[in-house]
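Hi,

Here is the structure I promised to pass on. Please open it first; my notes follow below.

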Amino acid sequence: MNPRPKLRSPPPSSVVISPGSPPKSLINKMPRKFTRSTLTLATTLFSILALYAFFNTFIFSDPPNNVSSVSFSRNYNTQNLKSVKVYMYDLPRKFTYGVIESYALARGGEKQSDDSLLKYPGNQHSAEWYLFSDLNRPSLERVGSAATRVMNPEEADLFYVPFFSSLSLVANPIRSNNAVVAPVERPAYSDEETQESLIEWLEQQEYWKRNNGWDHVFICQDPNALYKVVDKVKNGVLLVSDFGRLARNQASLVKDVILPYSHRINTYTGDIGVENRNSLLFFMGNRYRKEGGKIRDLLFQLLEKEEDVIIKHGAQSRESRREARKGMHTSKFCLHPAGDTPSACRLFDAIVSLCVPVIISDHIELPFEDVVDYRKIAIFVDSNTAVKPGFLVKKLRKVSMERVLEYQRELKKVKHYYEYEDPNGTVKEIWRQVSLKLPLVRLMINRDKRLVKREFTEPDCSCLCSNQTGILTTL
């Protein structure tokens, strides 16, 4: 695997469009008796009309007027947006329910004669199950979705490959004390073999070969999912949680979609307020991580003795989730430092807890940024500043209670975007994001067909990388 580069070029600056003056032909046809002031008034009126036409067409048509400055209304997901036609492959069972069964068997479960009895295990990478289940719902239950499932592949705009790649990654026998423990008389499951088998199957499909995979959609939410074959599917639209383990020629913000992790603690159901939030800052997670996550240990050293700060080392378990729920629901701020990769489910736990996220992850990418302004719901601090002794706690204590309430109000407005079980929540928004990729998919298909195949030592202009300019604190 190629490590994803830390620095990328910033995006080109935006272009400001201004309406021009009225055409000379219109001015020439004006009666000579018009005064200069009348002509000036006519010019002004023409400019106003041009401005109105521009804003009415491009600014207010989608999303509609009177939407929140942080998030558009829930109807925005589909309003004025043409639904894309999605064909979901009927994959061999081993790529879907077979993965669930292998996961269960490796943990002492039993074979099931009916796939409906198999339960997808709850984890932070459950998006693959929610998308698969959504496309299998009756069309009457999917009204308003930006993706319409079609059963005829000839009608499809996009092809969804519902391989449970994240679950496959962890379906191998349970590891105990760094040693593999394989159940007796049960064949070991191989994620690598399953990935390669998927590619073999795809390469036999007419629609995969037709457009070199550009119109295919893959979900690989775990940062290591599909690691063995990612170079063979990189043309497609990848649904990922971040780019931490992907090279610049494999994924980008332009081509792919950033997904939120499934939150692992219960949603806070109370109203906004600070009366029951006695802790200033809360964090619970693994203290020792690799790569960018080394900052965690430094933060532990700085914060573990601070009054009204709760920072605990803990691994995933039911007891840990109970403690995390209690801590997030009773704290004003929740710390989100980088881990092995820039993002983690802890951020989305904080959002649904109305606990203001404090994000210390310089290379993080965030989901749904066209409808969510994260500066209004989170505080960003760059890593170098965050580890200065006393800086973080001092700044957080200076945030007024009214400002905390403002953050909470905005969190409450957008938290449905991070609820996979909400009918108007995450799944619907993911499909809207996917639908927005269709023009680029068509562009790349047409471009690919007219180019002579070439070899490059460096990525060419079609490699559209994400922006990685520096993060500035909002405090």
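Which residues form a negative surface patch? Glu192, Glu193, Glu196, Glu200 and Glu203 do. Please keep in mind that this is a predicted model.

One of these residues is Glu196, which sits in helix H6, residues 191-202. Its relative accessible area is 34%. Patch members need over 30%, so Glu196, at 34%, clears that cut-off. Glu196 counts as partly exposed.

Now the sheet. Six strands make an open sheet with parallel pairing. Their order is E2-E1-E3-E6-E7-E8. Strand E2 (147-149) and strand E8 (257-258) are the edges, and each pairs on one side only.

Strand E6 pairs with strand E7 (residues 237-240) in the parallel sense, over three bridges. Phe218 stands opposite Leu238 in E7. Ile219 stands opposite Leu239 in E7.

Strand E6 also pairs with strand E3 (residues 158-161), again parallel and over three bridges. Here Phe159 has His216 in E6 as its bridge partner.

Which way do the E6 side chains point? His216 and Phe218 point one way, and Val217 and Ile219 point the other way. Side chains in a regular strand alternate between the two faces of the sheet. His216, Val217, Phe218 and Ile219 are all buried.

Best wishes

Note on methods: Residues are numbered from 1 along each chain as its sequence is written. This is a predicted model: local features need pLDDT of at least 70, side-chain atom pairs count only at pLDDT 80 or more; totals for chains, interfaces and linings use all residues. Side-chain values use heavy atoms; hydrogens and water are left out. Patches are made of residues with over 30% relative accessible area and no salt bridge: like charges are joined within 9 Å, nonpolar side chains (Val, Leu, Ile, Met, Phe, Trp, Tyr) within 5 Å. Accessible areas come from the Shrake-Rupley method with a 1.4 Å probe; for residues, only the protein chains shown count as cover. A salt bridge is a side-chain nitrogen of Lys or Arg within 4 Å of a carboxyl oxygen of Asp or Glu. Lys and Arg count as positive and Asp and Glu as negative; His and the chain ends are not counted. The place of a charge is taken as NZ of Lys, CZ of Arg, CG of Asp or CD of Glu. Helices (H or I, at least four residues) and strands (E, at least two) are DSSP runs, numbered from the N terminus. Buried means under 20% relative accessible area, exposed over 50%, partly exposed in between (1.4 Å probe, protein chains only). Two strands pair if DSSP finds at least two bridges between them.
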